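Please open the model in a viewer and keep the selection panel at hand.

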There are 2 protein chains.
Amino acid sequence: MASEFDLIARYFTRTAPTGLLGVGDDCALFPVPTGEQVATSTDLLLEGRHFFPDVDPKALGHKALAVNLSDLAAMGARPIGCVLGLALPRLDEPWLAAFAEGFHALAAVHGCPLIGGDTTRSAHDLAISVTVFGAVPAGAALRRDAAQAGDDIWVSGELGAADVAYRLLDGQYPTDPERLAATRGALEWPEPQVALGLALRGIAHAAIDISDGLLQDLGHILAASRVGAVLHEDRLPAAAALAGLPVDALRRAVLGGGDVYQLCFTAPAARRDAVLAAARTAGARVTRVGGIVAHEPAQDAMQASAVTHAGGSSEIPGAARPRLMVLDATGQPLAQLPAGFDHFPGA
Amino acid sequence: MASEFDLIARYFTRTAPTGLLGVGDDCALFPVPTGEQVATSTDLLLEGRHFFPDVDPKALGHKALAVNLSDLAAMGARPIGCVLGLALPRLDEPWLAAFAEGFHALAAVHGCPLIGGDTTRSAHDLAISVTVFGAVPAGAALRRDAAQAGDDIWVSGELGAADVAYRLLDGQYPTDPERLAATRGALEWPEPQVALGLALRGIAHAAIDISDGLLQDLGHILAASRVGAVLHEDRLPAAAALAGLPVDALRRAVLGGGDVYQLCFTAPAARRDAVLAAARTAGARVTRVGGIVAHEPAQDAMQASAVTHAGGSSEIPGAARPRLMVLDATGQPLAQLPAGFDHFPGA
């Protein structure tokens, strides 16, 4: 009865590092340094919702862990380990081997070994559940609610490529093999910014990872911190592969495109040199794209009926200043902002 | 787009206790006392594999957390918190409300608040992923590999009721409403033995929770600890509701029946009073059912081709002594042992 799932287990059993009790007891055990807290995040990824059924399984194994590591990065937490739940509609050994290879390779890069898991047969859907654990000194986590007026807003890496790759693969854009080749890596092989998150501890005030689009995710920081923001469109680091796209598609990709897994963070203007030094240390590119501004609670109340979410497109012209403004190259606010876009709707 | 899943989130958002950063940031954060380790376990439950599609959703919410808390209990770990991944094929608000009620009620009993999660729409299957976190002083965890020759073997609670309820509901046994009523609670509302696990720290050597059947789970202790065991059938605490079953069905339920979520543990014979006192403290019933014996590595080698797993039914008469023997009331070893039974095969 268990034999085929023993086979599955084989792909996911690794010798746990010293101090970690891995697969093979009721629980996995791991130590936490004195004075540190545990940071944890969980994601449930489903075929057809979070990835295309024909995605390269090695890329899928990578991405299933990457999206969780990205949450640790956004808290400034150091990865400790992870657990994996896998529901498989069929036993496909080459698929499993490739998935495990992609998963373990990224786990090794970030020192985040698989220390436990559960595999099961599903009736229809392929489902992947990953929970990651990290450690962060008490009080040092980069939270969403710590942005302050006067902070700069920064973004790591580039924006927009994953959105364009998704829409090309989904048939929303005309076939364009060259552009797909230039953007697909961003969608399928996101690189979680763990080193940058660690380097920004003590420097950045607030941070989030961009999973649902810059406007929507920055909006979470603004709402939690009760502040506003002004972004400069011409400073946003659009991926080079977006060159030549119509302006609407470009804006949608850069401002609203999800699946980015770069960091958006805020830091005091006085710490610009420290931010740049942290990025060098982490081998990351960072771009200063705007600033945090005060946002009066009264404005929130006035807008409550008009604005459904930060970064939404339902601002009323002439109403109180919106929480989030994007200025174009001439310094004029964009009248229409793309809504945050969660790839694979309903997810 | 997100509105219906905002609704879902509402059922699963609770104010996190002091010191825990709950739902609403990239990660949840929790402190771990100095000198303690984190214990974690994850389970992925699927409709039709781990529960019947028409199960009471309140019971399902309870059980989804209970099976994970049972893993903490088996390590002697104190619950800290949990995260929940939920893939739903449809939005059914009364179902969700009942599921959340069952989940949160058990979480409150055990001080294990929901601190993070992920909800998503699935194409077909209902999938529930729970990961629990607990804390245990370094070196104090009840492990599988710590049983010693001379230890008593103990079992908490009663055995066999869940197996009978499962087979009645599955149509394997003739309809018997009275027996179903007397056994169903054991299958659908298992009570994780968290308090007992904590009380046994420093007393028990090895422990495991009985999820796949006493023989199979005890077999994991024996294999990990490189020891053997002798059980006395007439000491096993069969549930009263099993009275009148044919002897084969009774043995299958008591020795092989899964979904028990009681503890099987070993402790030195010199600590019998301490075990009983711990059980009283925890409000648990415990029964001494056998003993751990030496098991020579040479015997393992001799049996390697004949014995596929501990507790299996493929012992060869006349071969070296098996790792696990069950003696009947006359002191004779049972020739045939039921294999461990994992309800919902393939899970």
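Begin by showing both chains as surfaces: the area buried between chain A and chain B is about 4,700 Å², and carbon and sulfur atoms contribute 58% of that area. Bear in mind throughout that this is a predicted model.

**The two faces**

Select next the residues at the boundary. On chain A, 59 residues are in contact with 59 residues of chain B. Every interface residue of chain A (100%) is also an interface residue in chain B, so the copies meet through the same surface.

**Polar contacts and contributing elements**

Display the polar contacts across the interface of chain A and chain B; 19 residue pairs are found, with both partners at pLDDT 80 or more. Then colour chain A by secondary structure. At least two residues each of the side that touches chain B come from β1 (28-31), β2 (36-46), α2 (57-75), β3 (78-88), β4 (114-121), β5 (127-137) and β7 (206-209) of chain A. Which element supplies the largest share of this side? It is β2(A), with 9 residues.

**A strand pairing between chains**

Select β2(A) together with β1 (residues 28-31) of chain B. These strands pair in the antiparallel sense over 4 bridges. Within this view, A:Q37 stands opposite B:P31, a residue of β1(B).

**Salt bridges**

The count over all chains comes to 24 salt bridges, and the count between chain A and chain B is 4. Centre the view on B:R144. The side chain of A:D26 meets that of B:R144 in a salt bridge, at 3.4 Å from N to O. A:D25 also forms a salt bridge with B:R144, with the closest N and O atoms 3.7 Å apart. A:D25 lies in the loop between α1 (3-12) and β1 of chain A, and B:R144 in the loop between β5 (127-137) and β6 (151-156) of chain B, so this pair joins two chains.

Methods. Residues are numbered from 1 along each chain as its sequence is written. Chains are lettered from A and ligands numbered from 1 in the order in which they are written. This is a predicted model: local features need pLDDT of at least 70, side-chain atom pairs count only at pLDDT 80 or more; totals for chains, interfaces and linings use all residues. Side-chain values use heavy atoms; hydrogens and water are left out. Contact means heavy atoms within 4.5 Å. Buried area is the accessible area (1.4 Å probe) that two parts lose on being put together, summed over both. A polar contact is a pair of N or O atoms within 3.5 Å; within protein, one must be able to donate a hydrogen and the other to accept it, and residues adjacent in sequence count only if both atoms are side-chain atoms. Two strands pair if DSSP finds at least two bridges between them.
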